[in-house]
Amino acid sequence: MSASHSPASGPATLDPTAEAEFSEGLPPGFGTGIMGRVAFWLAVAFSLFQLWAAGYGSLPSQVVRAMHVGFLLLLGFGLVGNLVARTTRGQVFFWALGLLGFSTGIYNWVEYNDLIRRTGFLTQMDLVMGTILVLLVFEGARRLMGWPLAVIAGIFLAYCFLGQHLPPPFIHRGYGFEQIVEHFAFGTEGIYGSPIYVSSAYIFIFVVFAAFLERAGMLNLFNDFALGLVGGVRGGPAQVAVLSSALMGTISGSGVANVVASGQFTIPMMKKSGFKPAFAGGVEATASMGGQIMPPVMGAVAFIMAETLNVPYASVVKAAIIPALLYFGVVFWMVWLQAGRDNLKGLPRASLPNPWHAVRDQWPLVLPLAALVYLLFAGYTPIFAGTMGLALVTVLILGAPLAAMIGPYAFRVVFWLALGIASALFLKYGINLLVAVIALLVLACAGFKGTRPTIGIVRDALAQGARNALPVGMACAIVGVVIGTLTLTGIASTFIGAIIAIGQDNLFLSLVLTMLTCLVLGMGIPTIPNYIITSSLAGPALMELGVPLLVSHMFVFYFGIMADLTPPVALACFAAGPIAKTSGLKISMQAIRLAAAGFIIPFMAVYTPSLMLQDGGPIADAWGYPVEVAYILLKTVLGVGLWGVAMVGYFLDRTNVVERTLAFAAGVSLIVAMPMSDELGFALALTFGALHWLRLRRVVA
């Protein structure tokens with residue numbers, strides 16, 4: 001993506017495809033005129049504040065959370081005023097709301113020590129500011145995320161006020177207005193709770209990191225690499241969509257963003273090669289949603305999960321590795337089968353780029369991502385890893401034009417080596433060294449006319465990152481109302497008790513109930529609040545039923561993602577609809593076929609946790625843990641692969657009814673955890689293979 005503005009001309013008109021997902025309730029851009037420039041520079045200031053808070057950590061956590069929400073409200077309402085309001089009066093009104101929201105953050109900062117001292121005895125001004133905060137968070141979430149999430153949170157808030165009038169088991173003792181305002185607006189279990197902490201500490205940094213990588217050309221690198229590597233195989237255009245979305249998911253962790261950004265390129269290419277519009281849209285939607293489970297960055301939920309469970313982020317990544325590979329492997333397989341059934345070939349090899357040349361020419365872009373992965377798995381916190389990764393990609397962007405000005409190749413190598421060593425020394429000397437390196441690079445770029453636009457790239461990426469973080473941050477803020485209700489009233493224990501009562505007789509029914517809860521919630525709200533709400537309710541219940549804690553949370557996480565592919569809402573599919581020029585419902589029907597692994601793997605992981613590299617079972621006791629993991633992986637791959645054959649109706653050639661039935665039965669037998677089911681599944685799989693091969697041999701003869 002390229003910026004096309006200077007400070008004098010106003011905010012950049014950014015690529016709408018890169019923004020549509022992040023600001024579903026807003027048109028792209030920052031607006032025009034003076035207020036557009038104000039919103040643009042406000043977004044830059046938001047990013048700089050968050051980076052400073054993450055890099056130096058000198059402010060109390062409560063102040064950072066309050067200022068984070070304040071910036072979200074100011075920028076969010078400011079953009080509504082610039083992009084949605086049709087009159088000057090309307091624009092003034094929304095900017096006034098934004099300033100009022102920002103004042104709540106300033107109030108918490110200025111009154112921080114006094115607020116701590118008067119906990120439980122709030123002043124009249126405290127109550128006024130707290131009430132304003134709650135109301136503006138609801139309105140901001142409605143504007144940016146739509147009605148469903150605001151309505152759900154509103155029902156929970158109303159329960160706090162009115163629950164004492166409900167019949168058992170929903171009745172609670174009743175709470176006064178002051179207690180409710182204090183709980184939601186000033187404590188750490190309401191709006192400023194764990195979700196907004198994760199948004200301010202982790203998510204924002206990684207969203208900005210993704211914006212920087214996109215500005216640096218990472219999306220083009222991923223597309224060129226995927227196109228060159230798999231574009232020529234059977235069903236090549238669709239395989240490109242799967243691979244590029246998987247790669248893009250490693251840095252963006254956002255499903256609908258992948259659909260809109262990658263889909264503009266991949267969906268028309270798939271249609272042109274012969275895939276039906278609904279299938280092309282389904283491939284893109286399915287692959288893009290899988291980006292949220294693709295390590296190393298995954299989705300924002302992964303950071304919230306690590307914080308909620310108090311486990312290292314690397315533990316969440318480890319649990320996601322095999323399921324993510326299976327998810328994308330199954331999508332590849334389904335595309336391969338469908339292309340074979342429809343006799344669709346790959347793209348001409350001569351027209352494709354060399355994938356390794358793309359990596360060779362743009363290899364520096366991989367370095368910040370590699371550094372991020374190293375730091376995450378070396379035990380550093382996500383805050384530190386994300387901040388350092390962001391600083392390194394900034395060094396890369398600023399250093400590239402300076403290196404291009406150096407004539408002799410040997411001198412350019414020396415320049416990059418010196419810059420790399422100086423940047424790497426941050427591990428010993430801390431962030432101040434990296435800040436000094438970046439400052440020197442900015443001064444150097446400012447000194448040459450040909451390198452000054454590079455500073456604009458960094459500036460635009462800071463603004464775009466803040467804008468991209470708006471809906472995620474607002475979702476985390478308003479879902480704090482839901483979490484606050486659960487902690488204040490204890491209603492979660494009622495739901496947990498119901499699931500445990502069911503699961504004591506049938507764990508599978510409890511899992512199905514949890515899955516349906518995720519899918520129904522997901523019809524109206526994004527993955528993040530879906531996960532937070534459902535994991536708060538179902539996570540403890542599943543743990544009581546013997547499901548490992550991390551597996552239970554991953555179970556909820558997976559079905560929160562699947563909700564965006566499941567009819568009737570299927571947000572990712574409807575995002576792909578206009579690009580594919582077909583209905584989102586038709587795309588959704590294809591997506592749920594392609595995403596079979598996403599529906600199956602969570603259930604399998606509950607009964608065989610080694611699928612998520614958790615504790616082993618009887619096979620591990622008898623033969624060792626690696627043998628169990630390999631065996632579970634083998635039968636899972638075979639099982640979902642056979643399901644794919646049954647759904648598509650193709651293997652080596654088209655399959656008949658008997659063969660499809662055998663393939664389906666074999667897949668089910670391998671997936672269910674029952675005595676002798678594995679043996680039956682392997683036998684049915686062999687029978688299917690033999691019958692299919694013999695029939696084809698007779699046809700050839």
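The model is predicted, so local features need pLDDT of at least 70 and side-chain atom pairs count only at pLDDT 80 or more, while totals for chains, interfaces and linings use all residues. Residues are numbered from 1 along each chain as its sequence is written, and side-chain values use heavy atoms, with hydrogens and water left out.

**Terms**
- A pocket is an open set of points on a 1 Å grid over the protein atoms alone, where a 1.4 Å probe fits, with protein on both sides within 12 Å along at least five of seven lines; lining residues have an atom within 4 Å of a point.
- Helices are DSSP runs (H or I, at least four residues), numbered from the N terminus.
- Ala, Val, Leu, Ile, Met, Phe, Trp, Tyr, Cys and Pro count as nonpolar, Asp, Glu, Lys and Arg as charged, and the others, Gly among them, as polar.

**Largest pocket**
- Of its 33 lining residues, Trp-363, Pro-364, Leu-367, Leu-396 and Trp-416 lie nearest the centre.
- Helix 18 (409-424) is among the helices that each supply at least two lining residues, and helix 18 gives the most, nine.
- The lining has 26 nonpolar, four polar and three charged residues.

**Second largest pocket**
- Helix 1 provides the largest share, six residues.
- By class, 17 lining residues are nonpolar, three polar and one charged.
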